Amino acid sequence: MISMALFAQILAVAMVVMILWLIRRDRLPIGHSLWWLAVSILIAAFGIFPGLIDNMARLVGVSYPPALLFTVAILTLVVKVLIEDLEVSSNRRRLLRLAQKTAMLEAELSQLKKKVEEQA
Amino acid sequence: MSVAGPLKNRVDSGTSPNRAERGHVTRLKPAIRQTLIVIPARDEAADVGDVVRRAVACGFPVAVVDDHSADATAAVAARAGAEVLRLPFHAGCWAAIQTGMRHALAKGYRCVVTLDADGQHNPEDVTALVAEMDQDNAPSVVIASCPDRANQRRRMAWRVLRWLSGLQVSDLTSGFRVYDRSAVELLASSHCTLLEYQDVGVLLKLCHRKLKIVEREVSMRPREHGHSRIFSSWPVVFYYLAYSCLIGASRRAPPLRHRP
């Protein structure tokens with residue numbers, strides 16, 4: 001059996017390696033990778049120092065520390081997803097504007113072509 | 001539901017910045033000479049040709065926005081004499097209408113008339129509706145309504161939506177409307193791009209901008225081919241109702257209402 005600290009370290013290192021690989025492959029923009037690197041550092045910190053979460057739980061009055069860990073983790077993910085949703089909708093807006101513009105330009109172009117052919 | 005004040009009050013409250021300006025433009029050129037008919041169409045090859053021909057016969061330039069149809073809609077419309085704008089993917093009815101509006105702005109038109117491609121609306125009615133835009137205290141939007149066409153269930157849905165949104169428009173879903181330049185400028189902006197239907201969300205945008213909306217009754221024909229897109233299947237109806245309720249309740253019309 002391995003200790004929890006070691007397990008958390010392995011998890012964090014694996015995550016860091018994966019993120020660096022994704023950056024290297026140009027799959028993940030740097031801005032997003034900062035977030036995920038911060039997450040892996042937190043995983044490592046809580047794994048290496050289990051006392052950390054115990055102290056925090058006592059501070060906010062949660063009697064079962066892992067519950068606090070899960071609550072914070074879930075809340076963080078919810079906020080992250082919400083932010084992603086906002087980004088998706090702003091991208092959709094841009095995509096639609098672009099699609100409309102291509103339709104307009106295409107129409108304009110075919111009209112110009114017709115005009116040129118008439119003159120020729 | 002409270003009843004809005006008499007006509008006089010309504011006119012006073014409609015303080016659109018370019019109201020005075022519009023009167024000036026009117027004298028130069030009547031709206032009828034500067035109107036573009038925009039027809040959003042998706043898989044309407046059966047009817048769109050006839051609609052375009054009739055609109056062109058009335059002397060209007062027509063732009064058909066083809067929402068990535070699988071059939072020959074674009075070709076049929078072009079042959080009938082319309083300018084065709086083709087969206088590169090299926091973007092929805094409102095996105096198609098907005099394309100037409102942006103096109104109209106780019107070309108400098110003063111009014112935009114939207115018609116359904118399925119032949120429900122008579123293009124012959126457009127002339128009378130647009131003529132209204134030249135009068136004093138002209139409205140910004142004229143909705144050609146036909147409340148009689150709705151069945152019991154639809155009427156019920158409209159009543160709920162009116163109650164939720166505070167809108168006082170009898171025919172919420174009519175796709176036959178005349179918009180003046182100020183309305184088109186508002187609706188063509190990117191703030192309005194993510195709207196999905198042209199009814200509650202669009203009308204609320206106009207109301208919040210304090211643009212004057214009036215309704216005029218016209219006769220509409222039942223569809224000959226196909227069926228209503230909104231009322232096609234239960235999940236679609238549910239989405240439409242949930243969407244409209246949410247947008248209506250969250251952006252309720254301001255107390256200053258324009259009763260047609």
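Biologist: In chain A, how far apart do the C-alpha centres of domain 1 and domain 2 lie?

Modeller: This is a predicted model, and in it the C-alpha centres of domain 1 of chain A and domain 2 of chain A lie 30 Å apart. Chain A is divided so that domain 1 covers residues 1-48 and domain 2 covers residues 65-120.

Biologist: Turning to chain B, how should I read its open sheet, and what is the order of the strands?

Modeller: Strands of a sheet pair through backbone hydrogen bonds, and the pairing is either parallel or antiparallel. In chain B, seven strands form an open sheet with mixed pairing, in the order β3-β2-β1-β4-β6-β5-β7. The edges are taken by β3 (83-86) and β7 (213-217) of chain B, and because each has a single partner strand, one side of each is left without a neighbour in the sheet. Direction ignored, neighbouring strands of this sheet are turned by 20 degrees against each other on average.

Biologist: How many bridges join β1 to β4 in chain B, and do these strands run parallel or antiparallel?

Modeller: Strand β1 (residues 35-41) and strand β4 (residues 111-114) of chain B run parallel and are joined by four bridges. To find this pairing in the model, look at B:Leu36, which stands opposite B:Val112 in β4(B).

Biologist: Which strands of chain B does helix α5 lie across?

Modeller: Helix α5 (residues 93-107) of chain B lies across β1, β2 (62-66), β3 and β4 of chain B, and its direction makes an angle of about 155 degrees with β1(B).

Biologist: Where two helices pack, how do I describe the arrangement, and at what angle do α5(B) and α8(B) pack?

Modeller: Two packed helices are described by the angle between their axes and the distance between the axes. For α5(B) and helix α8 (residues 181-188) of chain B, the angle is about 125 degrees and the axes are 9 Å apart, which means that α5(B) is oblique to α8(B). Their crossing is left-handed. On the α5(B) side the contact is made by B:Gln98, B:Met101, B:Arg102, B:Ala104 and B:Leu105, and on the α8(B) side by B:Val184, B:Glu185, B:Leu187 and B:Ala188. By class, the residues of this contact divide into six nonpolar, one polar and two charged.

Biologist: What is the angle between α7 and α10 of chain B?

Modeller: Helix α7 (residues 152-165) and helix α10 (residues 234-250) of chain B pack at about 25 degrees, with their axes 7 Å apart, and α7(B) and α10(B) are therefore roughly parallel to each other. The crossing of α7(B) and α10(B) is right-handed. Here B:Ala157, B:Leu161, B:Leu164 and B:Ser165 of α7(B) meet B:Leu241, B:Ser244, B:Cys245, B:Gly248 and B:Ala249 of α10(B), a contact with six nonpolar, three polar and no charged residues.

Biologist: How do the axes of α8(B) and α9(B) cross?

Modeller: The axes of α8(B) and helix α9 (residues 200-208) of chain B come within 10 Å and cross at roughly 120 degrees, so α8(B) is oblique to α9(B). This crossing of α8(B) and α9(B) is right-handed.

Biologist: Finally, how many residues of chain B are in contact with chain A?

Modeller: On the side of chain B, 18 residues are in contact with 12 residues of chain A. Both β3 and α5 of chain B supply at least two residues each to the side that touches chain A, and the largest share, six residues, comes from α5(B). By class, this side of chain B has 10 nonpolar, five polar and three charged residues.

How values were computed
Residues numbered from 1 in each chain as written. Chains lettered and ligands numbered in written order. Predicted model: local features only at pLDDT ≥ 70, side-chain atom pairs only at ≥ 80, totals over all residues. Pairing = 2+ DSSP bridges. Axes fitted to C-alpha atoms, helices over the stretch in contact; angles between N-to-C directions. Contact = placed C-beta atoms within 7 Å. Domains from an automatic or database assignment. Nonpolar A, V, L, I, M, F, W, Y, C, P; charged D, E, K, R; others polar. Parallel < 35°, antiparallel > 145°, perpendicular 65-115°, else oblique. Left-handed = near helix turned anticlockwise from the far one by under 90°.
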